[in-house]
Amino acid sequence: MISNISAAIKASRAYLCMECGKCTGSCPVSRFNHGYSPRVLVNKAIRSDDLDLLKDKNIWACLTCKLCDERCPAGIEYIDLTLATRLEAQKIGEEAMCSHGGAAQTLMRIMTSPDLEQKRMAWIDDELKTAESGDVLYFVGCLPYFDTLFSDIEVNTLKAAKASIKILNHLGITPVVLPQERCCGHDLLWGGDFENFKKLAEHNINEIKQSGVKKIIFSCPEGYRTFKVDYPKYFGFNIEVAHITEIISDAISNEQIRLKNFNKVVTFQDPCRLGRHLGIYDEPRNAIAAVPDIKFNEMTRNKNRAICCGVSAWMNCSTYSKSIQLARLKEAKETEADLFVLSCPKCEIHFNCAMKDERAGKESKIETVQLVTFIADLIEETDK
Amino acid sequence: MRPSDNKTTQFEPKIVAFCCNWCSYPAADGAGVARLQYPTNIRIVRVMCGGRVTPAFVLKAFELGADGVLVATCHFEDCHYMFGARKAADVHKITEKLTEMLGIEKERLKLDWISSAEASKFARVAQEFTDTIRKLGPSQIRKKTLDNLKAEKTHD
């Protein structure tokens with residue numbers, strides 16, 4: 001048995017599996033893709049030959065949304081086992097079906113070139129105050145690339161980046177934005193490509209150390225998770241990180257932000273990385289609750305029971321993903337919300353893509369907005 | 001003379017050309033039949049239609065060490081699939097933006113329209129594009145790969 005897999009089985013406590021099947025019962029993928037079952041994969045990992053597990057195409061179908069971990073009565077960390085399996089599978093040349101012809105992965109691998117002089121700051125306009133050095137860094141992530149790559153579905157994820165800087169400016173913070181930051185490597189890691197993940201991480205850590213910042217703020221939950229969990233784990237990274245929703249929530253409780261009233265119904269999608277991975281459920285809700293006159297309706301499955309947006313790490317996008325997305329959109333619509341508040345750029349891309357699908361009926365069309373953008377647009381400017 | 005025979009230090013770029021099956025590929029074929037000379041730096045990948053060339057194709061070529069990428073399709077009016085060449089032009093705009101953001105010089109990526117009767121145009125475009133890339137030098141991404149290879153060799 002490959003030592004890394006046996007170590008992962010131990011660390012994730014997979015050997016405790018009692019085959020109850022709660023994981024498969026709750027898995028959003030299994031609900032539509034009946035060929036996929038986390039339980040079967042756990043059993044394969046424990047019982048059968050490694051190659052049998054590594055060559056199984058289903059190891060790439062997992063969204064790593066952590067819903068099964070949440071429900072597992074034996075407390076098995078299924079996504080950690082999945083990650084270890086993928087890292088090993090990549091070594092023997094197995095790989096996922098990458099969506100968009102692998103364009104996203106290629107972009108990230110190109111970014112591992114140390115000599116690259118990116119031109120990724122064009123979106124910062126005169127209204128946004130940024131600095132070249134300081135204590136606080138705003139980590140943009142891949143948003144400029146996403147907006148260009150997905151211009152056919154007309155998403156504007158950079159709005160969230162602009163809104164984040166606007167909020168930070170409002171709080172008297174002028175954040176540093178690094179012109180040569182790279183992708184955080186989240187998607188390469190979860191796609192099993194550790195080698196390139198490491199290159200990106202080392203580049204980012206080096207850039208950040210050189211800039212001398214003391215705190216990093218994220219608007220992308222995946223970047224936040226990677227910097228908070230994975231960089232310390234693999235590279236001993238130890239700079240303070242925070243998500244913009246945490247900053248907003250703090251600012252609201254300290255009465256640093258006053259919001260205009262908004263007379264509509266909204267609902268909120270917990271992104272898997274922010275919610276189940278890092279346990280941030282209350283901060284976005286505090287921010288929404290602070291808006292005067294707003295009506296907030298929870299979806300049936302919320303907080304730690306929230307359903308993921310259907311694709312992770314740009315892999316295995318399929319009709320199953322579309323089914324997951326459309327079902328989730330329908331759930332959002334059923335709350336009678338006028339506005340579907342999201343807090344992850346990928347949720348925004350995936351849901352908007354699903355709404356453009358020909359299967360999408362009226363029952364699953366709803367206007368989406370990022371939480372930061374939503375809050376930034378409601379800030380009363382006169383209040384300082 | 002093959003590039004490898006050239007003992008001078010002239011830089012020999014690697015160029016990937018995506019040529020559509022109905023116009024540009026036959027044009028390249030015609031150039032060969034007519035014995036028109038064009039640089040051997042061009043490696044042709046035949047695609048059924050220029051509209052099939054997504055940003056992923058071009059980026060992958062750059063990732064694997066291409067110094068330049070040429071996308072050659074039919075003229076708008078005589079596209080075999082009616083809309084393919086126009087689609088190629090639309091997609092090309094997205095690819096251009098992405099490569100520019102990545103810091104790859106915009107001259108390294110070129111879209112051109114070459115009909116199957118324009119063998120001489122193919123040879124000319126190939127020559128001009130190769131000259132441009134030769135002036136630009138190796139791409140940043142390729143440089144890295146070469147450096148890594150050198151480092152690995154000295155390490156051995």
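How many residues of chain B are in contact with how many residues of chain A?

Mentor: This is a predicted model, in which local features need pLDDT of at least 70 and side-chain atom pairs count only at pLDDT 80 or more, while totals for chains, interfaces and linings use all residues. Residues are numbered from 1 along each chain as its sequence is written, and chains are lettered from A and ligands numbered from 1 in the order in which they are written.

Now the count. 19 residues of chain B are in contact with 21 residues of chain A. Contact here takes C-beta atoms, placed from the backbone, within 7 Å. On chain B, helix 2 (55-63), helix 3 (84-102) and helix 5 (140-155) each supply at least two residues of this side. Helix 2 of chain B gives the most, with 7 residues. By residue type, the side of chain B that touches chain A divides into 10 nonpolar, 3 polar and 6 charged. (Nonpolar means Ala, Val, Leu, Ile, Met, Phe, Trp, Tyr, Cys and Pro; charged means Asp, Glu, Lys and Arg; the others, Gly among them, are polar.) For the complex, the predictor gives an ipTM of 0.89 and a pTM of 0.91.

Next, the chain behind that side. Chain B has 5 helices and 4 strands. (Helices are DSSP runs of H or I with at least four residues, strands are runs of E with at least two, both numbered from the N terminus.) From the N terminus on, the elements of chain B run β-α-β-α-β-α-β-α-α. Of its 156 residues, 44% count as buried. (Buried means 20 or more other C-beta atoms within 10 Å of the residue's own; exposed means 12 or fewer; partly exposed lies in between; C-beta atoms are placed from the backbone.) Look at the contacts within chain B between residues at least 6 apart in sequence: 80% of them join residues at least 24 apart. The mean pLDDT of chain B is 89, and 85% of its residues reach 70 or more. (pLDDT is the predictor's confidence in each residue, from 0 to 100.)

Now the partner. Chain A is divided into domain 1 (3-91), domain 2 (101-249) and domain 3 (256-378), with bounds from an automatic or database domain assignment. The C-alpha centres of domain 1 and domain 2 of chain A lie 30 Å apart. 6 residues of domain 1 of chain A are in contact with 5 residues of domain 2 of chain A. That side of domain 1 of chain A divides into 3 nonpolar, 2 polar and 1 charged. Helix 8 (residues 103-110) of chain A is largely enclosed by the rest of the structure, because 8 of its 8 residues are buried. Among them are A:Leu107, A:Met108 and A:Ile110, and also A:Gln105 and A:Arg109.

Chain A also holds an open sheet. Its 4 strands follow the order 5-4-6-7, and the pairing is parallel. (Strands pair if DSSP finds at least two bridges between them.) The edge strands are strand 5 and strand 7 of chain A, each pairing on one side only. Walk across it. Strand 5 (residues 295-296) of chain A is joined to strand 4 of chain A by 2 bridges, and A:Lys295 is the bridge partner of A:Val265. The chain goes from strand 4 through helix 15 (residues 282-289) to strand 5 of chain A in a right-handed β-α-β crossover. (Right-handed means that, with the strands pointing away from the viewer, the path from the first strand over the helix to the second runs clockwise.) Strand 4 (residues 265-268) and strand 6 (residues 339-342) of chain A pair over 3 bridges. Here A:Val266 stands opposite A:Leu339, and A:Thr267 stands opposite A:Phe340. Strand 6 of chain A then meets strand 7 (residues 367-370) of chain A through 4 bridges. A:Leu339 stands opposite A:Glu367, and A:Val341 has A:Val369 as its bridge partner. Between strand 6 and strand 7 of chain A, the path runs through helix 17 (residues 345-355) of chain A, again as a right-handed crossover.

One last residue. A:Asp377 is found in helix 18 (residues 371-378) of chain A. A:Asp377 is partly exposed, with 14 other C-beta atoms within 10 Å. A:Asp377 and A:Asn263 are 114 residues apart in sequence and 14 Å apart in space, C-alpha to C-alpha.

Methods
Two residues are in contact if their C-beta atoms, placed from the backbone, lie within 7 Å.
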